[in-house]
Amino acid sequence: PTALLGGGGVSGRGAMFLIAGFAGLLLIIAVFSSWQGAQRMTRQGDETAAAEEAARSFVQAFGTFDFRQPEVYKQRLLSLSTGVVREATLASGVDPVAVGQKRTTTTQVLSLSVNALSGDAASASVTAEQLRKSVDPETGRLVEQRVTQRIACRLLQQGNAWLVAEFRLIS
């Protein structure tokens, strides 16, 4: 067979080794590629979970207020926000009406989903239920109200933390 190939060709056995080597190389590439894909999926899953937790924490902090501890409320929001949300929180003061009515609110997240995740930005949709309690100044009676809210959050990753940069009450 060597004479037919011009004397410098690949013999049958050499071709088999070449094909086997090429197949082995393809197998190594496939295994490495699937490992990289799994790692990328794991990282994205971790980032999604972290963004979800940040959105959940912010919505609960934003919707939970106790007239006896207004500074605690503000500090919680500052630790979970960035950009215009942080600036607005820094510039805000306690509503004297809330103190006068002895207002408290608690918030529970009912559902949450991260709609988009790209690099260091994410958006999330949150549905939460808020229980509002206050004292009617005229009657002195306790007033309770339950409200379901939908909130859209835009988050940015700063260092290892996801922070809320913008939010909007949808309903």
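Among contacts in this chain between residues at least 6 apart in sequence, 50% join residues at least 24 apart. Keep in mind throughout that this is a predicted model.

Now the overall layout. The chain contains 4 helices and 5 strands. Read from the N terminus, the order is α-β-α-α-α-β-β-β-β. There are 171 residues in the chain, and 26% of them count as buried.

How are α2 and α3 packed against each other? Helix α2 covers residues 70–80 and helix α3 covers residues 83–91; their axes are 9 Å apart, at an angle of about 160°. Because the cut-off for roughly antiparallel is over 145 degrees, α2 counts as roughly antiparallel to α3. The crossing of α2 past α3 is left-handed.

Which residues make that contact? From α2 we have K74, L77, L78 and S79, and from α3 they meet R86, T89 and L90. Sorted by class, the contact has 3 nonpolar, 2 polar and 2 charged residues.

Let me stay on L90, which sits in helix α3. Leaving out residues up to four places away in sequence, L90 touches K74 and L78. Another pair to look at is L90 with Q75: they are 15 residues apart in sequence, and their C-alpha atoms are 9.2 Å apart in space. Is L90 buried, partly exposed or exposed? Its relative accessible area is 49%, so L90 is partly exposed. The cut-off for exposed is over 50%.

The last item is a backbone angle. Most residues other than glycine have a negative phi. K102 is not a glycine, yet its phi is positive, at about 50°. Where in the chain is K102? K102 lies in the loop between α4, residues 96–100, and β2, residues 104–118. With a relative accessibility of 46%, K102 counts as partly exposed.

Note on methods: Residues numbered from 1 in each chain as written. Predicted model: local features only at pLDDT ≥ 70, side-chain atom pairs only at ≥ 80, totals over all residues. Heavy atoms only, no water. Helix = DSSP H or I, 4+ residues; strand = E, 2+ residues; numbered from the N terminus. Buried < 20%, exposed > 50% of the residue type's maximum accessible area, 1.4 Å probe, protein only. Contact = heavy atoms within 4.5 Å. Axes fitted to C-alpha atoms, helices over the stretch in contact; angles between N-to-C directions. Parallel < 35°, antiparallel > 145°, perpendicular 65-115°, else oblique. Left-handed = near helix turned anticlockwise from the far one by under 90°. Nonpolar A, V, L, I, M, F, W, Y, C, P; charged D, E, K, R; others polar.
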